[in-house]
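Please keep the sequence and the structure in view while reading.

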Amino acid sequence: MLTIIMETRDNEAELAQTLSVLVAGAVEGLVSDVIILDHGSRDGSSHVADAAGCRFCVDWNLGDIVRSARGEWLMLLEPGARPIGRWIDELAEYVSLNRTPARFSDSRMHRKPLFSRLMRRRKPLEAGFLVTKHDALAAAEGNRCLGDMTNVRTVRKLSTELVPAWVAVGNRQAPGRP
């Protein structure tokens, strides 16, 4: 079983997009729970999380959150990121056979221009992060955000692609859109 953890601040629309994709994983028995860590949202993020059956935490400690996760594996995502393709089958197989952290493959349909990719530093959770609860507990001590937990040496790459969160954010902030 897998626990999904996301951090949010005023990401109502992006949160809804990610949670809608994760429903299939819950129906298949892969996703056991979803935890949303809030950083002072003033939009409807808490309502979206509540409607989806997520735990919405306003005042939280990362170590306590990881300890309270139901799943033996944690998937750390940014709001707006969405796994695509056969992600349920691949993750189920991966967590049953491996103990090494993993990241999703970059979406081939959603790539920034080459110069942008070369000149910018990737966000720690841009490709998601899959880690055992045991390893996450060790990494959570002293860390205040999920991105800090991704600093590990060996990370495998899953064949499943992840539509990055910046796609959803870009669609929301596109000029000429309401």
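## Terms and basis

Buried means under 20% relative accessible area, exposed over 50%, and partly exposed in between (1.4 Å probe, protein chains only). Helices (H or I, at least four residues) and strands (E, at least two) are DSSP runs, numbered from the N terminus.

The model is predicted, with local features requiring pLDDT of at least 70 and side-chain atom pairs counting only at pLDDT 80 or more, while totals for chains, interfaces and linings use all residues. Residues are numbered from 1 along each chain as its sequence is written, and side-chain values use heavy atoms, leaving out hydrogens and water.

## Helix 6

In helix 6 (residues 133–140), the buried residues are Lys133, Ala136 and Ala140. Seen down the helix axis, these buried residues fall within an arc of 55° (the arc of the directions from the axis to the C-beta atoms), so they line one face of helix 6. His134 and Ala138, on the other side of helix 6, are exposed.

The buried residues of helix 6 pack against helix 3 (62–68), strand 4 (73–77) and strand 7 (129–132), where contact means heavy atoms within 4.5 Å. Glycine 142, with a positive phi near 85°, follows helix 6.

## Strand 2 and its neighbours

Eight of the eight residues of strand 2 (residues 31–38) are buried, so strand 2 is largely enclosed by the rest of the structure. Strand 2 pairs in the parallel sense with strand 1 (residues 2–8) over seven bridges, pairing requiring that DSSP finds at least two bridges between two strands; methionine 6 stands opposite isoleucine 36 in strand 2.

Strand 3 (residues 55–57) runs parallel to strand 2 and is joined to it by three bridges, with cysteine 57 in strand 3 as the bridge partner of leucine 37.
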